[in-house]
Amino acid sequence: MPTAPAQHPAATDAATPTAAARALGPIAHRAAHPPSGTPCACPPPETLADRADGTVVRSGPVVAKAHAPGAPAAELLARLALAGHPRLTGILLAPLRPRPVAPPAALHDRLVTLWPHGEPVDPGDPDAAPWTEAAALLAALHRTPPPASLALPPMRGPAKTALAVARMRAARPGDPATAPVLAAWRRLPAWARDEAAPPARRSRFLCHGDLHLGQLVRHPAPHGPWLLIDVDDAGTGDPAWDLARPAAWYAAGLLPPDVWPRFLDAYRAAGGPAVPAEGDPWAALDVPARALTVQTAALALAKSAAEGRTPDEAERTVIDACARIAALPPESTDEEAT
């Protein structure tokens, strides 16, 4: 069985940090070690992720994050307030400060936030992956009423899928290899392509928006409870989207066969509202799972093009899954989805 595509914040090229990563180091260090007049003997800052959509650097107990260029400040403030809201204690990791800090010139006005360090999932120990804990956290998030005091934006799941398809098109213009992905994309309802409002009855739940195992940490590190991190895509929306990545990987054969049933059972046992409490969950999951399959395949084609290689086995699996999706009739029209 091919390995599921990597979804871990450490799975980035941190060996040669960019100017953004170098600029974040002193910010994290000052937050972790206020000036005392005594020379500091702590280790240098550690780059945890260094991508165009987010750069993350750790200094001791503090993590500094530079968000994507152009990230709307008002939406980020609402998401920071959500992470720090008492209703979400024990579900979301709270920021160290409720507002972004002033970025240095090297970051070109990218918003910077400060967070406590948490112990991430060990990508080298897949048997210890906290799937049941992730499911319980999602159920708790989805059950929590959105705080009325916060003007939360929609969760960005559909927007991220649309961005992935746009990235693939830019990386492989006119390439016939993109045909099955684009065909599967066109069969999604408009709301799943970020071209229309989501179904009203499914759009009022708190959602993470980008759930994978890299979005969990133990805090306090290293043995505290698991918490969800990275609220950049959080907001209100269809909670099934947060289950869609493991559902899609299960359908494509990328997860060990016991993982998805354990995850689903744990979510249902915790009262999660995304799927019925019993019976077939796929009526609720089908469209989001198709969308995440498209997103994963589009990113695989974009990444492999940028690296000058052919897609690997796991990437080929999700591309082939798009071909199967494209050959099926749509499960619901845009009108039926509303």
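Biologist: Which residues form one aromatic cluster?

Modeller: Trp131, Tyr250, Trp260, Phe263 and Trp282 do. Across the whole structure, a search finds five aromatic pairs.

Biologist: What makes two rings an aromatic pair?

Modeller: Rings of Phe, Tyr and Trp (its six-membered ring) pair if their centres lie within 6.5 Å. Planes under 30 degrees apart count as stacked, over 60 as edge-to-face and the rest as tilted.

Biologist: What kind of pair do Trp191 and Trp241 form?

Modeller: Their centres are 5.9 Å apart and their planes stand at 65°. The limits are 6.5 Å for a pair and over 60 degrees for edge-to-face, so the name is edge-to-face. Trp191 sits in the loop between H5 and E6, Trp241 in helix H6, so the pair ties together parts 50 residues apart in sequence.

Biologist: What kind of model is this?

Modeller: The model is predicted: local features need pLDDT of at least 70, side-chain atom pairs count only at pLDDT 80 or more, and totals for chains, interfaces and linings use all residues. Residues are numbered from 1 along each chain as its sequence is written, and side-chain values use heavy atoms, with hydrogens and water left out.

Biologist: What makes a run a helix or a strand?

Modeller: Both are DSSP runs, numbered from the N terminus: helices (H or I) have at least four residues, strands (E) at least two. Ser304, for one, falls in helix H8, residues 282–306.

Biologist: What joins the side chains of Ser304 and Arg172?

Modeller: A polar contact of 2.9 Å. The term covers a pair of N or O atoms within 3.5 Å; within protein, one must be able to donate a hydrogen and the other to accept it, and residues adjacent in sequence count only if both atoms are side-chain atoms.

Biologist: Which residues is Ser304 in contact with, leaving aside neighbours within four places in sequence?

Modeller: They are Arg172, Arg309, Thr310, Pro311 and Glu315. Contact means heavy atoms within 4.5 Å.

Biologist: How do you know that the span of H9 agrees with expectation?

Modeller: The expected span is 1.5 Å times one less than the number of residues. H9 has 14 residues, so it should span 20 Å; its end C-alpha atoms are 20 Å apart, which agrees. At its start, a side-chain oxygen of Asp312 comes within 3.2 Å of the backbone nitrogen of Ala314.

Biologist: What covers the buried residues of H9?

Modeller: The cover includes helix H5 (179–186), helix H6 (240–252) and H8. Among the buried residues are Val318, Ile319 and Cys322.

Biologist: What makes E3 and E4 paired strands?

Modeller: Two strands pair if DSSP finds at least two bridges between them. E3 and E4 have five, in the antiparallel sense. Ala64 has Leu114 in E4 as its bridge partner. Helix H1 (residues 19–32) packs on this sheet, touching E1, strand E2 (54–59), E3 and E4, and its direction makes about 40° with that of E2. Axes are lines fitted to C-alpha atoms, for helices over the stretch in contact, and angles run from 0 to 180 degrees between N-to-C directions.

Biologist: What is the order of the open sheet of three strands?

Modeller: E5-E7-E8, with antiparallel pairing. Strands E5 (119–120) and E8 (226–228) each have a single partner strand, so one side of each lacks a neighbour in the sheet. Two bridges join E5 to strand E7 (residues 216–218). Glu119 stands opposite Arg218 there.

Biologist: What joins His219 and Pro220?

Modeller: A cis peptide bond, with omega about -5°. The bond from Ala221 to Pro222 is cis too, with omega near 0°. Most peptide bonds are trans. Pro220 lies in the loop between E7 and E8, and Pro222 lies in the loop between E7 and E8 as well.

Methods
Buried < 20%, exposed > 50% of the residue type's maximum accessible area, 1.4 Å probe, protein only.
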